[in-house]
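Q: Please take a close look at one part of this structure. Walk me through a single residue and the element that holds it.

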Amino acid sequence: MARIILYTGKGGVGKTTTAAATALQAAKRGYKALVISTDPAHSLRDSFDQEIGPEPKRLMKNLYAQEIDVFYSVDKYWGKLTGYIQSLFNWMKVDDILAEEFSIFPGMEEVSCFLWVYSHYTEDDYDVIIVDSAPTGETLRLLSLPDVARWWIVKVFPIERKLLKVVRPAVKVVSDMPLPEEETYVAIEDLFDKLNSIHKIFSNSDVTSIRLVTNLEKMVIKETQRAYTYLSLYGYNVDSVIVNRTMPTHIDHPFFKEWRKSQAEYRKEVEHLFSSVPIFEAPLHQKEVMGTEALLEFGDSLFGGKDPVSIFSNIKPYEIVKDKGVYTLTLKLPFVSKEEVKLHQVADELTIQIENQRRNIFLPGFLAKLNVEKASLEGGELRVTFEKPARGGKK
């Protein structure tokens, strides 16, 4: 099956260039590679200096590219769902053009990416799928979607579906408002099932690698730290950090003296912060990195002859171990203090929150029957220990 490599980072750090160069390096090595852009502000076509459409387009031998078009994707995957939404807007007397526009909800572009990656992966058309993602915030929402979807499908969806079957006859007596039919629910259920499946694919570190692209600047490094923390929270494997636009050593002009000094200090900081994963550097180029020749040169300088499709690091961010009858859940949470982590358990749900990012972990049956005895955060690892409930039930 295919390898999946996802590049993310703060806007403007060079994710698209890095993704395009990686795809080109992979194709040069004989892999059938697809690079797919999820960023609404598509610039993949600019990197290759070629037009790219909503379906994979062959650019050269072994190399294909695709830019997600949300309207095209919605028609392809969500016809029944958006059909109902548009009928509801029409019933509300909303203009047809506005109804079509409003039927595209925030987040659909991110979900579309998941569905395309899922489709390409399961059809096994490519050796490697390289995702040029939106800036960090949008990517984190994209990667947290399966957890949200799984919560809805387990907690809310069955109740709403049964309730509608009961109230439908009564609603039809008093109103002609369109209600979702069974086929609409089937379409939603299929969507959630696919999101759940793609979560398993993305969290499989033998398949998917997430690579953080950064620059040697304070604000960018801080955002890279946050992204690394949140990705660990959601159970995704970060296999490397890409430091882009480093100052070449041969530049010795007085104008760049402070810049070089600043970069040298930040380079040490990056090496310290991300010492657990490989770090690759790409120097600042004299010209814009556009077109095949420039992208090949960029890829050569970045990977230095290494196979870009390799898994550079494979550290499990989340696991459950049993020792002397005691179960401990361990989660990698680098760069946070214990004061920043909020943790609580309700029945079979363990909720972990860091600032505005929250993850609901559905515990295995044997753990759901236990209580959280204690939790500690040491060395970038959150350890949650479970014990049997005292007589009288769960706390």
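A: Start with a cut-off. A salt bridge needs a side-chain nitrogen of Lys or Arg within 4 Å of a carboxyl oxygen of Asp or Glu. Keep in mind that this is a predicted model.

Now take Asp132. Asp132 is buried, yet it has no salt bridge. Which side chain of opposite charge is nearest? It is Lys15, and it is 5.8 Å away.

Asp132 does have a polar contact. Its side chain meets the side chain of Thr16 at 2.9 Å. Leave aside the neighbours within four places in sequence, and Asp132 is in contact with several residues, among them Lys15, Thr16 and Ala19. The list also includes Tyr7, Ile36, Ser37, Thr38, Asp39 and Leu44.

Next, the element around it. Asp132 lies in strand 5, which spans residues 128–132. Is this strand mostly covered or mostly open? It is mostly covered, with five of its five residues buried. Both faces are covered. Val128, Ile130 and Asp132 are buried on one side. Ile129 and Val131 are buried on the other.

Finally, the strands that pair with strand 5. Strand 1, residues 3–8, pairs with strand 5 in the parallel sense over five bridges. Within that pairing, Arg3 has Val128 as its bridge partner. Strand 2, residues 33–37, also runs parallel to strand 5, and five bridges join them. There, Leu34 has Ile129 as its bridge partner.

Note on methods:
Residues numbered from 1 in each chain as written. Predicted model: local features only at pLDDT ≥ 70, side-chain atom pairs only at ≥ 80, totals over all residues. Heavy atoms only, no water. Helix = DSSP H or I, 4+ residues; strand = E, 2+ residues; numbered from the N terminus. Buried < 20%, exposed > 50% of the residue type's maximum accessible area, 1.4 Å probe, protein only. Lys, Arg positive; Asp, Glu negative; His and termini not counted. Polar contact = N/O pair within 3.5 Å; in protein donor to acceptor, adjacent residues only side chain to side chain. Contact = heavy atoms within 4.5 Å. Pairing = 2+ DSSP bridges.
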